[in-house]
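Some comments follow on the ligand surroundings and on one strand of the sheet. Please read them with the structure open.

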Amino acid sequence: MIKLEKYMEVFPKSLWVTTCNSGSCNGCDIEIVATISPRYDIERLGMKLVGTPRHADVLIVTGPVTKFMTKKLLRIYNQMPDPKAVVCVGNCGASGDVFYKSYNLDGPVDRIIPVDVYVHGCPPRPEAIIEGVAKAVLKLETLRGESRKVGEVQ
Ligand code: SF4
């Protein structure tokens, strides 16, 4: 488990996050909502959920990517400014899980867009989602050429 001081180390500035449900059962999405609720309160870590991909640093994707959502997911990804990172939340998005090789899937997620961090679970707990976004920050920091000691967080 990463301690709060480590989170503060990898969140030197506000991180804006947006989400895309690519066909999930909503289980993962409910856990994401829990991360912004008072119990977990990700805003205390400088992390904010935003409604538009044009303002976001990190894209959280849930679900296995149904054919209906493929173009929409790509469009959302392409609307985000660089540098950007993608966090795949849940087993569905990582592998298809119980929907593996379903007739109605184009996914998993990394067949459509590049994924930087996988958060496994069905659904994963809010702590795991927060840790996954913290890991995504490492990629953003690398892209920004800021070689601070955040690499210690794995
Ligand atoms: S990983 Fe589990 S909880 Fe998350 S969208 Fe898939 S089936 Fe639902």
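1. The ligand shell. In this predicted model, the residues surrounding the ligand are Ser 24, Cys 25, Gly 27, Cys 28, Thr 62, Gly 63, Gly 90, Asn 91, Cys 92, Asp 97, Cys 122 and Pro 123. By class, the shell consists of six polar residues, five nonpolar residues and one charged residue.

2. Helices at the ligand. Two helices, α2 (27-36) and α4 (91-95), each contribute at least two residues to the shell around the ligand.

3. Burial of β4. Strand β4 covers residues 85-89, and five of its five residues are buried, so the strand is largely enclosed by the rest of the structure. The burial applies to both faces: Val 86 and Cys 88 lie on one side, with Ala 85, Val 87 and Val 89 on the other. Buried here means that 20 or more other C-beta atoms lie within 10 Å of the residue's own.

4. Pairing with β3. Five bridges link β4 to strand β3 (residues 58-62), and the two strands are parallel.

5. Pairing with β5. Strand β5 (residues 117-119) also runs parallel to β4, joined to it by three bridges. Here Val 87 is opposite Val 117 of β5. Val 87 is itself among the buried residues of β4.

Key:
Residues numbered from 1 in each chain as written. Predicted model: local features only at pLDDT ≥ 70, side-chain atom pairs only at ≥ 80, totals over all residues. Near = placed C-beta within 6 Å. Helix = DSSP H or I, 4+ residues; strand = E, 2+ residues; numbered from the N terminus. Nonpolar A, V, L, I, M, F, W, Y, C, P; charged D, E, K, R; others polar. Buried ≥ 20, exposed ≤ 12 C-beta atoms within 10 Å, placed from the backbone. Pairing = 2+ DSSP bridges.
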